[in-house]
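Colleague: I am new to reading protein models. Could you walk me through this one, a feature at a time?

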Amino acid sequence: MEQFQIRIEPARPASGGRRLASLGVNASGNLELLVERSLPPGEAVFDIATAATGFRDLWEAVISDLCARLPVGGLHFSINDGGARPDVVGLRLMQGAALMEQPA
Amino acid sequence: MNAPGMNAQSDYYYEASARERAQGLLDPGSFTEFMGPQSRCLSPHLAQFNLTGAFDDGIIIGAGLLQGMPVYVAAQEGRFMGGAFGELHGAKLVGLLRAAAAHKITAVLLALDTGGVRLQEANAGEMAISEVLRAIVAARRAGVAVIALVGGRAGAFGGGGIIAASCSRIIVSGHGRISVSGPEVIETNKGVEEFDSKDRGLVWRVTGGRSRALLGGADAYVADRISAFRDAALAQIPNAPPFTLESLQAEQARLSQRLAAYGTCRDATEIWRQAGLEPPAPVADLSEADYAGLSRLPEADHDAR
């Protein structure tokens, strides 16, 4: 297992009003994602616990891709990963960010 | 109320996550989760083994309404570590059952999806199962109907099978399996002649939901739909037997009779023949409609458990 935190300063704050979203399961090739609206609008934090060690570069690439596509300022992403592939990680992050765009 | 997760829900029970099952069993929008993922109840044991955990430790608990009636619900996530019981996972369920007894809640829906004890938590997991059993007995004694629902990929095995058997009523789908030792465990310990775990037909004839329901090992059979489990729970709650010395004695007598009548049978089809009934076509091959037309064993309907 490897644990690390990635902090970014997104250009745009997340829209919507939802406080919390939870999706996915920590199973082989899948991941559990918890998204909370708990940070200042200029910040986003990704706390990652992953079963696959040595892939921080890939995580950073997938997260920067997400931040280029969607406004995520103010969101705290917490992940329990069971070795999901980058495309699954990207999909889950997009799902989570999309859920947070819903009204409160 | 919090309702994390995607909104577009299908009604398939087997495919649904634990949280989707908990929400879908109850009246729309009525589910309130206790100790949800934001409380970050991760297992301290898994971390010691350098394993990633789950924010709810693999079990969703909460309260809601079932056709307007206040009930509690617990749902295990069978995809996280096979839905296995760890210390925290078990403690959440024990707490829910104790609260149900204290508040005289009419029913607890217990959506089991578990292989039993989480191996990494060995003794703590075994103790969790024991505490759950004790809490079910106490809740039933206080008049709470505890309804087991089995239809997930992990089934109800190991201590989960014992927990199912201690509930007031058991509802199962064709995907559900109930047993204590799993097929591979039996074969490993007693040899292939005792039980061939690679014979999938045998495994399902013995442990599968359709056989369990026909032989009285489950009290109701439903199609693989969350709404079907919900309807069956509504029907079973008023039928839940009281937990008294008399009901225990009736259950003991029922099981003794079963052992005497079918104890030498090595397959579900032999039980069928022994009961003097025409052995059905391979039960797993029947459509839901044809299966529904089969008659259960005469003693499958009972007031015990």
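Colleague: How much area do chain A and chain B bury between them?

Modeller: Good place to begin, and please keep in mind that this is a predicted model. The size of an interface is often given as the accessible area lost when the parts come together. Here chain A and chain B bury about 1,700 Å² between them, and 56% of that is on carbon and sulfur atoms. In terms of residues, 22 from chain A are in contact with 21 from chain B.

Colleague: How many salt bridges and polar contacts are counted between the two chains?

Modeller: For a salt bridge, look for a side-chain nitrogen of Lys or Arg within 4 Å of a carboxyl oxygen of Asp or Glu. Between chain A and chain B the count is 1 salt bridge. A:Glu36 and B:Arg40 form it through their side chains, at 2.7 Å from N to O.

Colleague: Which elements of chain A give two or more residues to the side that touches chain B?

Modeller: They are strands E2 (20-23), E3 (31-37), E4 (44-50) and E5 (75-81), together with helix H2 (86-100), all in chain A. E5(A) gives the most, with 5 residues. Sorted by class, this side of chain A has 10 nonpolar, 8 polar and 4 charged residues.

Colleague: Now the sheets. In what order do the strands of the chain A sheet run?

Modeller: In chain A, an open sheet of 5 strands has the order E1-E4-E5-E3-E2, with mixed pairing. Strand E1 (2-8) and E2 of chain A each have a single partner strand, so one side of each is left without a neighbour in the sheet. Ignoring direction, neighbouring strands here are turned by 10° against each other on average. For one pairing to trace by eye, E2(A) and E3(A) pair in the antiparallel sense over 4 bridges. There, A:Ser22 stands opposite A:Leu34 in E3(A). Helix H1 (residues 56-69) of chain A packs on this sheet, touching E1, E3, E4 and E5 of chain A, and its direction makes about 35° with that of E1(A).

Colleague: What is the separation of A:Glu60 and A:Arg56 in helix H1 of chain A?

Modeller: Because A:Glu60 and A:Arg56 are 4 residues apart in that helix, they are separated by about one helical turn. Their side chains meet in a salt bridge, at 3.1 Å from N to O. Over all chains, a search of the whole structure finds 17 salt bridges.

Colleague: And how many strands does the open sheet of chain B have?

Modeller: That open sheet has 7 strands in the order E1-E2-E3-E4-E5-E6-E7, with mixed pairing. At its edges stand strand E1 (32-34) and strand E7 (220-222) of chain B, each with a single partner strand, so one side of each is left without a neighbour in the sheet. The twist averages 25° from one strand to the next. Strand E2 (residues 59-66) and strand E3 (residues 69-76) of chain B pair in the antiparallel sense over 8 bridges. One detail to find on screen is B:Gly62, whose bridge partner in E3(B) is B:Val73. Helix H3 (residues 87-102) of chain B packs on the sheet, and its direction makes about 165° with that of E3(B).

Notes: Residues numbered from 1 in each chain as written. Chains lettered and ligands numbered in written order. Predicted model: local features only at pLDDT ≥ 70, side-chain atom pairs only at ≥ 80, totals over all residues. Heavy atoms only, no water. Contact = heavy atoms within 4.5 Å. Buried area = accessible area lost by both parts, 1.4 Å probe. Nonpolar A, V, L, I, M, F, W, Y, C, P; charged D, E, K, R; others polar. Pairing = 2+ DSSP bridges. Axes fitted to C-alpha atoms, helices over the stretch in contact; angles between N-to-C directions.
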